[in-house]
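Me: I am new to this structure and would like a close look at a single part of it. Please start with the terms, then take me through that part and its surroundings.

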Amino acid sequence: MKISVLGCGRWGSFIAWYQATVLKNEVLSWGPEGDYSYEVLKTTGKNEYVTLDKSITLTCDLGKAVTKSDIIIISISAQGLRGFMQRVTQYPVKDKIFVLCMKGIEESTGKRLSEVLIESGVEKHKIAVWVGPGHIQAFTQGIPNCMIIDSYSDDLKKYIADSFKSNLIRFYYGSDIIGSEIGAAAKNVLGIAAGVLDGSGYVSLKGPLMARGAYEVGKLINAMGGKFSSAYGLAHLGDYETTLFSEYSHNRRYGEMMAHGAKFEKLAEGVMTAKAMKELGDKYGIELPITNAVYEACFLSHPFEGGNGAKTCMEIILKLFDRETKSEF
């Protein structure tokens, strides 16, 4: 297969590595000229996560990247997708298959990322999403995991999942693209909450966080037209270990450092996703107490000022205990 991977950061570089090294596909890896991640790979052929196979073509020529391959995998910051697609669709991509290996909700519109592609001119039956648990550091050590391929097209999701499977990644066919996308994005918000609990010494609250978090995410998915049960699948609950507990999780680390009054400088998609989810909750009339607490901690509490991050964050979290008693379900 001819595969182009757009984005050569953490996940983008891993996907290129996986496609070339494990699946033996013909891979072209694109990154913007001058971008730190791209320049590191161009100069050294590796980064802190992977060493690129010599068969991989590394380029900063976007036209070459989107025209030379049959399948285009995108792995960039979620909030930059719409602007990026304006560049991509300047080239002849009508017959291309697009796979989104990224997790988020567009903050300015509340749209799922597949919806952003559709609004950018990509036909919906040519769009798939690749989500679910897994850390690059584990994959490159040969430790396997399970992930999801979902799509508006049954034929496409089966084709992608069957083509991309290996002994390293066991793929399942998704059955709810709304639930797969919202669940995958929302787990990053729960990751920030978990980090706050870690940083504040309230680790035992992670159990309730997992149970109540999945429940509120399921309610939002259902209100948006998806299946409530999708919150308990691989895209959301299945990704909790890698997001709520792992040392490799950017979102958990962001929350942990926020509780210490310090800022984590790497990308944590859960920050803007919390804002988008809060607005979706308001739009659909769904109560999202944990999401709203993360939103308040990230945007309203100024936890990085004065070194009182743990106190500030926990005051927000503990407000949840003041809510009236209700039935669990």
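Reply: A residue is called buried when its relative accessible area is under 20%, exposed when it is over 50%, and partly exposed in between (1.4 Å probe, protein chains only). This is a predicted model, in which local features need pLDDT of at least 70 and side-chain atom pairs count only at pLDDT 80 or more, while totals for chains, interfaces and linings use all residues. Residues are numbered from 1 along each chain as its sequence is written, and side-chain values use heavy atoms, with hydrogens and water left out.

The part to look at is K206, which sits in helix 9, residues 206-223. Helices here are DSSP runs of H or I with at least four residues, strands are runs of E with at least two, and both are numbered from the N terminus. K206 counts as buried because its relative accessible area is 5%.

Two partners of its side chain can be named. The side chain of K206 makes a polar contact of 2.9 Å with the side chain of D198. A polar atom of the K206 side chain also lies 2.6 Å from the backbone oxygen of L244. A polar contact is a pair of N or O atoms within 3.5 Å; within protein, one must be able to donate a hydrogen and the other to accept it, and residues adjacent in sequence count only if both atoms are side-chain atoms. Leaving aside residues up to four places away in sequence, K206 touches A194, L197, D198, L244, F245 and R252, where contact means heavy atoms within 4.5 Å.

Now the helix that holds K206. After helix 9 comes G225, with a positive phi near 105 degrees.

G261, which follows helix 11, has a positive phi near 80 degrees.

A nonpolar core is a set of buried Ala, Val, Leu, Ile, Met, Phe, Trp, Tyr and Cys residues joined through side-chain atoms within 4.5 Å. The largest such core has 44 residues, of which L209, Y254 and M258 touch the most other members. Helix 8, helix 9, helix 10, helix 11, helix 12, helix 13 and helix 14 (309-318) each give two or more residues to this core. Helix 8 supplies the largest share, eleven residues. A second, separate core has 36 residues, including F14, I71, I73 and M147.

Last, the cysteines. With a disulfide taken as a pair of cysteine sulfur atoms within 2.5 Å, the count is zero. The sulfur of C101 has its closest cysteine sulfur in C8, 14 Å away, too far for a bond. C146 is in no disulfide either, as the nearest cysteine sulfur, that of C101, is 15 Å away. C101 is buried at 7% relative accessible area, whereas C146, at 26%, is partly exposed.
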